[in-house]
Amino acid sequence: MRILRIALCLLSLPLYAAGPITFQSQEIAADLKVVYAVTTADVNRDGKQDVVAISNNQLLWFENPTWKRNVVMERTSGADNVAIAPLDIDKDTKLDFALGADWQSTNTASGGSLQWVTQAGDVHSIATEPTLHRIAWIDVDGDDQVELVVVPLHGKGTSAPDWTKGAGARILVFKIPKDPLKEPWPMEVADSSLHIVHNLTGVGREIWVASAEGVYALKRAPDGQWSKRLIGEGAPGEIKVGYVNGKRHIATVEPWHGAGVAVYQEAKEPWKKTVIESGLNQAHALAWADFDRDGNDELVVGWRGKPWGLALYRPVDGKWVKTMIDDGVAVEDLATADLDGDGRREIIAGGRTTNNIRIYSVGK
């Protein structure tokens with residue numbers, strides 16, 4: 001009977017195909033101001049992914065594997081820097097950076113600068129848009145050339161306490177001209193009906209956005225007309241796409257700067273939504289990656305309010321199991337990339353009030 005009771009207890013535990021996932025951390029910067037964004041790119045063209053980051057007043061990159069700091073630009077873009085997207089814009093074989101700056105979260109009448117910055121630190125203006133908040137390179141028209149998608153947080157003229165009254169945020173798409181130094185960047189408005197558009201992601205040629213009205217997909221037709229459709233209901237403030245059991249999943253923070261995290265499973269639209277977390281303080285960053293190489297992505301979530309932290313959410317037997325990774329970063333942004341070439345992705349976390357950047361590698 002005792003053996004039977006033990007067996008039943010074992011059967012009731014979550015089953016991990018490859019055992020628990022553990023991480024080792026390395027801090028590569030500890031004296032920055034607010035780390036608004038982190039991403040990765042091969043800046044020096046040596047075949048390794050470097051860490052790219054922006055703080056209030058700096059654009060910088062850290063060279064893999066020594067993590068030597070390189071400051072590209074400082075105090076020339078109009079504080080605060082808020083969004084970064086690397087690309088060789090002028091096709092001179094040297095990586096450039098699209099940069100969103102002059103971040104003024106409640107000023108919906110002016111401010112918000114968009115520019116591209118060369119690796120040498122030269123700054124070239126593209127446009128301005130109040131509350132410009134997120135940017136991404138996406139090939140929206142299928143011509144194998146990416147466009148720069150720009151998302152402000154709020155619509156022009158809106159104000160607290162109800163940011164959903166009045167104009168929607170203008171989601172802008174800029175095409176790189178033949179001579180970006182001398183020519184203006186052609187621009188289209190993909191949509192202007194949504195509010196509190198806190199983040200976006202590219203899915204094929206579509207722009208998927210998290211807004212107060214829900215998760216929407218924006219698509220450009222061959223004739224240049226834009227349409228939108230509802231993917232998931234709610235009022236999310238972040239959005240990332242991963243794959244679990246062969247199906248696409250969306251992770252969101254619910255609501256904007258909120259305490260919850262939701263996962264939407266691919267299905268007949270709108271997708272099925274499951275709330276997997278409700279106890280965080282200012283959740284602000286998400287990332288998917290298959291850390292244990294079992295064919296399913298795990299979800300990484302970071303939050304910036306005390307007690308701040310970073311955690312892993314893993315699908316196990318139909319449930320999402322949470323494991324804390326670290327409490328030493330007030331997470332403002334996250335990225336994942338295979339930094340050491342071992343076939344597994346690392347996590348890169350940038351801190352708000354902690355002013356630091358840490359890299360997390362799967363334990364050996």
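This is a predicted model: local features need pLDDT of at least 70, side-chain atom pairs count only at pLDDT 80 or more; totals for chains, interfaces and linings use all residues.
View 1. Of the 6 residues in β27 (residues 346-351), 6 are buried, so the strand is largely enclosed by the rest of the structure. Buried here stands for under 20% relative accessible area.

**View 2. Strand β26 beside β27.** Let's turn to the neighbours. β26, covering residues 331-337, pairs with β27 in the antiparallel sense over 6 bridges. Look for A337, whose bridge partner in β27 is E346.

**View 3. The hairpin of β27 and β28.** β28 (residues 357-362) also pairs with β27 in the antiparallel sense, here over 4 bridges. In β28, R358 stands opposite A349. The hairpin has 5 residues between the strands, and N355 takes a positive phi near 60° there.

**View 4. The largest pocket and its lining.** This pocket has a volume of about 940 Å³. Its lining is made up of 31 residues, and those nearest the centre are T39, A136, L200, T201 and K240. Two or more lining residues come from each of β2 (37-41), β6 (83-87), β10 (132-138), β14 (199-203), β18 (238-244), β22 (283-289) and β26. Sorted by class, the lining of the largest pocket holds 21 nonpolar, 6 polar and 4 charged residues.

Conventions
Residues are numbered from 1 along each chain as its sequence is written. Side-chain values use heavy atoms; hydrogens and water are left out. Buried means under 20% relative accessible area, exposed over 50%, partly exposed in between (1.4 Å probe, protein chains only). Two strands pair if DSSP finds at least two bridges between them. On a 1 Å grid over the protein atoms alone, a cavity is a set of points where a 1.4 Å probe fits but cannot get out, and a pocket is an open set with protein on both sides within 12 Å along at least five of seven lines; lining residues have an atom within 4 Å of a point. Grid points are joined across faces, edges and corners, and a volume is the space filled by probe spheres set on the points. Ala, Val, Leu, Ile, Met, Phe, Trp, Tyr, Cys and Pro count as nonpolar, Asp, Glu, Lys and Arg as charged, and the others, Gly among them, as polar.
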